[in-house]
Amino acid sequence: MSHISRIGIDTSKSVFTLHCVDETGRQVLQTNLRRAQVATFFKKLLPTEVALEACGSSHHWARELVALGHDVRLIPPQYVKPFVKRAKNDRNDAEAICEAAGRPGMRFVPVKSADQQAQGMVLKVRETLVHQRTQLVNALRGHAAEFGVIAAKGISQITALLETIKATATIPPEARAMLALLGEEIKHLDTRLEEMATKLAAAHKANPVSQLLATIPGVGPIIALTLAVEIDPSAFQSGRHLAAWIGLTPKEHSTGGKQRMGGISRAGNERLRRLLVTGATSVIRFATRPGHKVASAWLLNLLQRKPRKLVAVALANKIARTAWAMMVSGEVWRRPSPAAQAAA
């Protein structure tokens, strides 16, 4: 099978569909393989170009195939969709992946190492635990309110709420037991999150890029570590390309020479976009206070003309571009000069 020049693979949990073409782009083989057969199949092939849709498991297969000598390309799913012909099925998807990989202007996703994925998993698991704790806290508050027990907002108020529940004699025993169970689960998650916070703090201190990015106003250890672990600056031509990939730039629907801009595209890494906007919001909270160091002329001027949420997105965009420049140059963040602020 030395005449195969490019292979598109549509992956799944158990069955992989392969679409193989020769140098002219003509189909020479289309077949299904069980998961256990994939490695054996590619061991028999001469080094060739292999294309997959980018997803969590595709990085694992990319590493496996690279170890066998193949050239692996990961393509964002939204770039594959235009090449799907009519009905969506595994064979058409594999053909579309193969066709997209052959386009001269196609953009590819860098293959992550196992260590990169492991470090990113710590951040993702922490976020999952935070969501679970929020869900439990909301359930506790809601059920307590059914019996007239109300507490102030904030995680710090949960202990006081549980004490009030214990002291309220009008709550039936069954309900009090269930509310106590929710409190125990919240306490368990608090312990887990404290352990993960210690682990992430150590990882932040051990990562020089994360330490560098934490000097940017609005960027804390979590945001800095996320950028350091999940972003390869060499994959982007500029900071503007990174901001666009994160989804912090307007969607464009222009035609006939008329430019029409909409809301942010929400493309790319949703978690990173949310973190950057949250960090920008924290900067805006203190920006209007007299004499505060983060209050640049550009930010104050924008706050006078635009809504705060729009300004937060604009500032998040600027933080992303600044982070890319710092990762490329290795320089520590410096406060812009008055002349640079006036030009901005």
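These legends accompany close-up views of a predicted model. Local features are described only where pLDDT is at least 70, and side-chain atom pairs count only at pLDDT 80 or more, while totals for chains, interfaces and linings use all residues. Residues are numbered from 1 along each chain as its sequence is written, and side-chain values use heavy atoms, leaving out hydrogens and water.

**View A. The largest nonpolar core, with 35 residues.** A nonpolar core here is a set of buried Ala, Val, Leu, Ile, Met, Phe, Trp, Tyr and Cys residues joined through side-chain atoms within 4.5 Å. Buried means under 20% relative accessible area, exposed means over 50%, and partly exposed lies in between (1.4 Å probe, protein chains only). Good residues to look for are Leu213, Leu276, Leu299 and Leu315, which touch the most other members. Helices H8 (208–213), H9 (221–230), H10 (239–246), H11 (270–287), H12 (297–305) and H13 (308–329) each supply at least two residues. The largest share, 11 residues, comes from H13. Helices (H or I, at least four residues) and strands (E, at least two) are DSSP runs, numbered from the N terminus.

**View B. The surroundings of Leu213.** Setting aside neighbours within four places in sequence, Leu213 is in contact (heavy atoms within 4.5 Å) with Val219, Ala224, Leu227, Ala228, Ala323, Met326 and Met327. Elsewhere, a second, separate core of 19 residues includes Ile4, Leu18, Val38 and Ala54.

**View C. The crossing of H11 and H13.** The two axes, which are lines fitted to C-alpha atoms over the stretch in contact, come within 8 Å and cross at roughly 115°. Angles run from 0 to 180 degrees between N-to-C directions. H11 and H13 are therefore roughly perpendicular to each other, a label covering 65 to 115 degrees. From H11, the contact includes Leu276, Val277, Ala280 and Ile284; from H13, Val311, Leu315 and Ile319 are among the residues taking part. By class, the contact has 11 nonpolar, one polar and two charged residues. For this count, Ala, Val, Leu, Ile, Met, Phe, Trp, Tyr, Cys and Pro are nonpolar, Asp, Glu, Lys and Arg are charged, and the others, Gly among them, are polar.

**View D. Two arginines with positive phi, Arg86 and Arg266.** Arg86 sits in the loop between helix H3 (77–80) and helix H4 (90–101), and its phi is near 50°. Arg86 is exposed, with a relative accessible area of 84%. Arg266 lies in the loop between strand S7 (261–264) and H11, with phi near 60°. Arg266 is exposed too, at 60% relative accessible area.

Note on methods: Angles under 35 degrees count as roughly parallel, over 145 as roughly antiparallel, 65 to 115 as roughly perpendicular and the rest as oblique.
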